[in-house]
Amino acid sequence: MNAENYWNPSANSSAVSRPNHYHNPLSPSYRPNAPNSHPQQPRLRMPARTGSMKEQDAMIKVEKYLRLISDEFGSLGGFLHLLFWCRKKKDAKDKRSDFHQRAVAQFLQGQSSITFAHILKQVYNHRSSYPGHRSKYKHERAHSFSLSHEPIDLHSARIAISCFSAHICSHRAHYEVGTLLKNDSNHPEDAPARMTASGASADMRWSDITEWSPRKTAATFKRRARFISDLLVFAMTHVEGGTEAERKNRPTDMLLISALNPVIIGRNKLANGYLSMPLGVHQFASQAHIDEKRVLSALGLATSDTTVRNSLRIMSQNALQSLRNGNIKAAESDEIEEFYIFDNIQQHALVREAGALRQSVMKVGCAATSIRFHKPLPPGAFDLADYLSRVTENKRSTMTTESLFDSIDWVHLNDLAALHWLLPLVSHVSSVLGYHTKTIHETMRADPIAVERVPDEPTVFHPLCTNAEQEIETQGFVQCVRDFDTQEGYVRDDLVELIGGDGASFETALRAQKYLAPTSLNNRESMRNKIPLPELWHTKDTALKTISENHFGPLASSDPSSMSKLFGIAGLKRPPNLKKPDHYPTSDGLKLVWVAQVLDCWRIHLKTDDLQVYFENLKNNAHLPTFDELLRTSAALVQKYGTMRAYRQVLTSEYHSKSPTTIKIDADSTWYSPTVTNSSDEHSMDNTSPKDCDKFDGDRCLANSILFKFQFGTWMFLDYAIRDGDIGIVMRLLKIWIFMFAGSSHQKYVSYMLELNCLLEYETSPALRTLILQNYLVKIGFVCKERDLLQEHHNKKLEAMVEKSGGNFDDSYYREVISPNVDKFIHVLTSFESAFEQQHRSNKHTSPVMHPELKILLLYLKTSKLHLFQTTRTYNHIAMDLLSDGYDALDGGKLNTFIKKTTSRSCFIEAIENEKRRVDIGQAFRFRFHRGGMDWRPVG
């Protein structure tokens, strides 16, 4: 290419103009005032430059300025040191020019495309930033990320940067851990940092323990200590194939807590609220071995056992003091805030080592739980004078067997039974009728079925300190009451006080009142201000024993109506001792049999072989019955298969033939006795048991099944009403059980239930009656349960802990640390399971789904034709009509005997009240007994 073409754009379109170095400021030959060499030539466009060309030109510039920097500042480090110079104080004089300040500020603030992070990354990853194996500073390799060396003392850039980063991160981590040592008042939703039970900053509450949550603690860490939390989470993240692996076990939050909590405890042992104190209390409640507690404490995961005990003791003392203050304050308004229930506790302490003075002993004691009355309290409910005046009226003497029986609302019972008979059907055919389940429950909670429901708010209760008294003995009972009264803080003896217990405790309370009635003017010492109440779970358990004794029959029975036979068909275990059957396995089995018999009655009434298929066909044809139609059918079935009238109509063929058509049970062919029987097991087992005569022409098996559905039906209604919280229905059903207890071998509960009935019907004002009924159940969550069942749960934990503690029930450690917190120990075990998302492990055998057993029973009931009338059918297993037998027993003298035994207390109270009106309060007097009765004579 010649020069002419080179400078002629039209001759060569691809020509590149030559740069003028005199006018190029980056050229070494640059002359600011040099004239243009070609003033007449047009300006030419340079061709596109590649990246490598640009980089090469940039490197030329860098070399130029580096030489200049080296000449002017001695080294690049000296230049950078001055470049990033900054005044130490804001008000000091800035020696830099405005352009210097702006340029550095824009760079450090990231206002350019190349930020400081790009430079730092380049420096750190530079090949020369790390000392080679020939470098004299190769020993600094071991100082990477070191906290024991100052970064300024290190020569290699990468080593210095890592060390400086470690220092910055360590200072940040130290600061963030410091922020976790105290609570943040601006964020009350955070987990508490400290749980201190003593001192000026005492703020430890049981709710902090029971409501402890790993998620809440982890959220607090991530908010207040973000850096160290993210660092730990990143360190524990497992990466597979470049992606984070899914964590199935050991959630990240829990690992974060267990990793960070020892750091916090190492900084300050008082910051125990995130994990240490809750875990320490959990270890104490679960009775973990002391070695395990010591190891976890040394690891910084749990608070020491000594600190936990002291904290529990202080919280117990504070809670009891608050309880006493509440009752003292309520007494100023003529009220009482809380009452208590009690029960005996015992534990057999075995001797593991032999010795002359060593022997196994039975440790006995008494435990109680204080229960707060539901608010608002009925006005005048605690008026002791009104209660005693009603007792002295002795209206219970007017009670007769007939009046007691007539007070039972049989119409309401039949309406209640109709709903309970419908419930198994809609549950069994749930795919078609399941939507009626909610309607049934709502109907039971509304008028006219609902009678008197307990308040909806949860019950507040607190265990009291145990003692070592034998409360079933009169003297021990009095000591127990005095101890518990002191803990409650009762200060007045002119207010009614409620106490509750199982059958033995209730009987002891009545006996103590009887013995103390004529001995003192003081209402508290004579226990005249106490109203003992029998508890419901033990009553229900005794009723279950009564039903078991009546309906199981011989061990190897062939009777299709006996529970022994039906339990065997379903593969259930028959109770070995019918007088003391295991409560829950027996009740679950009887419920299964009851449901199967009710469904078989539905099958016969609807004339079908399969209820599921029957209702599915109705659904497909759009002929499903309404709820009201089903309820009317259920009521008809109750009258047909579940009443005493139905029972009597199948005892003879004559009664059956004359029964009204609406309740007449369908008849089948005449039954013939089987040729081969197991008479050696069934008949010879109990020669004293009643047997049907040879001329018997009724259906004993059908009669037994009707009795079972009636008797156990009332038990099921009672159980449902308790859980549902309708105490009014409970009391109505207990009236029926007065008669059934009277017809059984459990005569003591006849007296207990009669005493309760007389109390509510004759001796309490409307306000006091409302107070008693509204607080007869405890409500925990959405379900109610019996007060004595709550106490039994406490007793189980108390008896288990006394075995390991090695002490007695009245030891200070047991009274101050264990017994007042026993309910919280039970709660904290379940709350920790929920907190760690663990499946609850029950301490009893689970109740299996009974679908296969139910199908087997339905098939057997169908083939045995149990619910069809077959004349002369009997296997000589006769279930007793407890209701009629009980009526006859009460009418035959048992009710009069009860009245005579219990009216003596009213005579004592009447005499004492008369004496109070004649002499000054505080003047002692004594009674003089003689054969004709008793009279009183003032002392002196």
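## Second largest pocket

The second largest pocket holds about 1500 Å³ of space. Of its 22 lining residues, Leu76, Leu80, Leu83, Phe84 and Ile119 are the closest to the centre. Two or more lining residues come from each of α2 (51-73), α3 (76-83), α4 (98-108) and α5 (116-124), and α3 gives the most, six. The lining has 18 nonpolar, four polar and no charged residues.

A pocket is an open set of points on a 1 Å grid over the protein atoms alone, with protein on both sides within 12 Å along at least five of seven lines; lining residues have an atom within 4 Å of a point. Volume is the space filled by probe spheres set on the points.

## Basis of the model

This is a predicted model, in which local features need pLDDT of at least 70 and side-chain atom pairs pLDDT 80 or more, while totals for chains, interfaces and linings use all residues. Residues are numbered from 1 along each chain, and side-chain values use heavy atoms, without hydrogens or water.

## Largest cavity

There are four cavities of 30 Å³ or more; a cavity is a set of grid points where a 1.4 Å probe fits but cannot get out. The largest cavity has about 80 Å³ of space. Its lining includes Ser407, Asp409, His412, Arg732 and Lys735. α16 (410-428) and α30 (727-742) each supply at least two lining residues, with the largest share, five, from α30. By class, the lining of this cavity has six nonpolar, two polar and three charged residues.

Methods. Helix = DSSP H or I, 4+ residues; strand = E, 2+ residues; numbered from the N terminus. Nonpolar A, V, L, I, M, F, W, Y, C, P; charged D, E, K, R; others polar.
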